[in-house]
Amino acid sequence: MKPVYHVIGTMSGTSLDGLDVAFCRFEYADKKWSYNIIKATTYKYSKIWKTKLSKAANTDALEFSILHNDFGMFCGNLILKFIKENKFNPDFICSHGHTVFHQPKKKLTVQIGSGASIAAVTGITTVCDFRTTDVALGGQGAPLVPIGDKLLFAQYDICLNIGGFSNLSFTKNLKRIAFDVCPANIALNYLANKAEKEFDNDGNMASNGKICKPLLHKLDGLNYYKDNPPKSLGKEWLDNVFIPVLESFPDLTINDLLRTCTEHIARQIATQITQIDAKKVLVTGGGAFNTFLMNLVRSKCKSEIIIPEKDLVNYKEALIFALLGVLRIRGENNCLCDVTGAKHDNCGGTVYLSNSSK
């Protein structure tokens, strides 16, 4: 098998920031993987696409199928633009898609963004649909990033990602353990949007609010936090469980809601870090740029919190989905049953071969 791969990885997160596209180089030598993010960018979603994606779960079957294909075409054209502007020649494309449904107890997980459409637009072999095999095997289908944490970032005791949801992974007794900790940017952005802000920049709004102890108590007491891993969160849980708690305090200002929610996120993250007794914690995802949140986390645990270079903070998930695609093409396991609870480790992903006429 090839020792070197040049691959594009894409990621569309639940916080609707945009489509992350990363051109990555991977090399396998001496039984170890190394990587380089050669170039990466985020294509921000227009208001129209934000609306389409946020309302996708409430469309009928025909509309949903059309949206799945349209979003694939949309992603394919952005990827093609990225390739042409930078004169890249990727071996293949690895697309996570955009999660609309995630209900593993019902053996359901759906990411839209047709891989067939991406392959058709770009003329490049495309790997997508990484989660469904694991869910069919009884797993959560999430998180998938821990295999990349294990192969690329083993020098850290914990890999923490703070995106739409916060999640972490670590090794214990030679097993990789990972799970979603709590909602993060998806909840903070929801509150900021109510004040006609896209997000709470640096946590400035939260820092000017006051903690509502009754609300904090309710949030900290949610049943999810009592469950043992494997476990994962989806937008359905946010809409049906988390947001109703926030809205049960209608008299609070947006700043107070943000302050309390940020406190909750920091407490949940710090609690997990402390329980694991980690010395070095790698932090990536958009939440790493929330200065107020990160200062709260640091104040609540003794671990060294490491925020790496900007490209890794922003594009670690796109990087790792690129690696998952490489493993899929190689026919190697890219999903860990110790993490997801599936019957066994598995190799997930659907491959749409290039049909380029070149």
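For the entries below I count Ala, Val, Leu, Ile, Met, Phe, Trp, Tyr, Cys and Pro as nonpolar, Asp, Glu, Lys and Arg as charged, and the others, Gly among them, as polar. I worked from a predicted model.

**Entry 1: second largest pocket**

I looked up the class make-up of the lining of the second largest pocket and found seven polar, six nonpolar and five charged residues. The lining comprises 18 residues. I noted the volume of this pocket as about 490 Å³.

I then asked which residues lie nearest the centre of the second largest pocket. They are Pro 104, Lys 105, Tyr 224, Ser 232 and Trp 237.

Next I traced the lining to secondary structure. Strand S4, residues 92-103, and helix H9, residues 235-247, each provide at least two lining residues. Helix H9 contributes the most, with four residues.

**Entry 2: Thr 109**

I located Thr 109 in strand S5, which spans residues 108-112. Is Thr 109 buried or exposed? Its relative accessibility is 6%, and I therefore recorded Thr 109 as buried, the cut-off for buried being under 20%.

I examined the polar contacts of the Thr 109 side chain. One is made with the side chain of His 102, at 3.0 Å. Another joins the Thr 109 side chain to that of Gln 111, at 2.9 Å.

Finally, I listed the residues that Thr 109 touches, leaving aside those up to four places away in sequence. The list holds Phe 101, His 102, Arg 131, Thr 132 and Val 135.

Technical notes:
Residues numbered from 1 in each chain as written. Predicted model: local features only at pLDDT ≥ 70, side-chain atom pairs only at ≥ 80, totals over all residues. Heavy atoms only, no water. 1 Å grid on protein atoms, 1.4 Å probe; cavity = no way out; pocket = protein on both sides within 12 Å on 5 of 7 lines; lining within 4 Å. Points joined across faces, edges and corners; volume = space filled by probe spheres on them. Buried < 20%, exposed > 50% of the residue type's maximum accessible area, 1.4 Å probe, protein only. Polar contact = N/O pair within 3.5 Å; in protein donor to acceptor, adjacent residues only side chain to side chain. Contact = heavy atoms within 4.5 Å.
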